[in-house]
Amino acid sequence: MVKPTRITNSIRALRFAHGEMTQAELAERLGVTRQTVIAIEQGKYSPSLEVAFQMARIFQVPLEQVFQYPSDSPREGS
């Protein structure tokens, strides 16, 4: 059984904000399969740091705008 990651992402919204980029187009630009993009987008798989940074570069946004990690404490990050 695969444990889902706690990392959330904005990939779907970013794809649509960038000319309605398809999962296949993003996969091709990243050098991964469409299935990998689907798994990352659905939170079933965490990308490598390299792929995460490549995504941020493709969308021309900071990494934190693509991926978010929930804090355990409500005071963290305040």
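Reader: Which pattern does the chain follow, read along the sequence?
Author: In this predicted model, the chain holds five helices and two strands. Taken in sequence order, these elements give the pattern β-α-α-α-α-α-β.

Reader: What share of the contacts in the chain with a separation of 6 or more comes from residues 24 or more positions apart?
Author: A contact here requires heavy atoms within 4.5 Å, and the share is taken over those contacts in the chain with a separation of 6 or more. Of these, the part that joins residues 24 or more positions apart is 60%.

Reader: What percentage of the residues in the chain is buried?
Author: The accessible surface of the chain comes to about 5600 Å², and carbon and sulfur atoms account for 53% of that surface. Residues count as buried when their relative accessible area is under 20%, and among the 78 residues in the chain the buried ones make up 32%.

Reader: Which elements are included in what covers the buried residues of α3?
Author: Helix α3 spans residues 34-41, and its buried residues are Val37, Ile38, Ala39, Ile40 and Glu41. Just after this helix, Gly43 takes a positive phi of about 75°. The cover over the buried residues of α3 includes β1 (8-9), α1 (11-17), α2 (23-30), α4 and β2 (67-68).

Reader: Which elements give two or more residues to the lining of the largest pocket?
Author: The largest pocket is lined by Ile7, Pro47, Ser48, Leu49, Ala52, Leu63, Glu64, Phe67 and Tyr69. The elements that each contribute two or more residues to this lining are α4 (49-59) and α5 (63-66).

Reader: How much space lies in the largest pocket?
Author: The lining of the largest pocket divides into seven nonpolar residues, one polar and one charged, and Glu counts as charged, with Glu64 among the lining residues. The space that lies in the largest pocket is about 160 Å³.

Terms used. Residues numbered from 1 in each chain as written. Predicted model: local features only at pLDDT ≥ 70, side-chain atom pairs only at ≥ 80, totals over all residues. Heavy atoms only, no water. 1 Å grid on protein atoms, 1.4 Å probe; cavity = no way out; pocket = protein on both sides within 12 Å on 5 of 7 lines; lining within 4 Å. Points joined across faces, edges and corners; volume = space filled by probe spheres on them. Helix = DSSP H or I, 4+ residues; strand = E, 2+ residues; numbered from the N terminus. Buried < 20%, exposed > 50% of the residue type's maximum accessible area, 1.4 Å probe, protein only. Areas by Shrake-Rupley, 256 points an atom, 1.4 Å probe, with all protein chains shown as cover.
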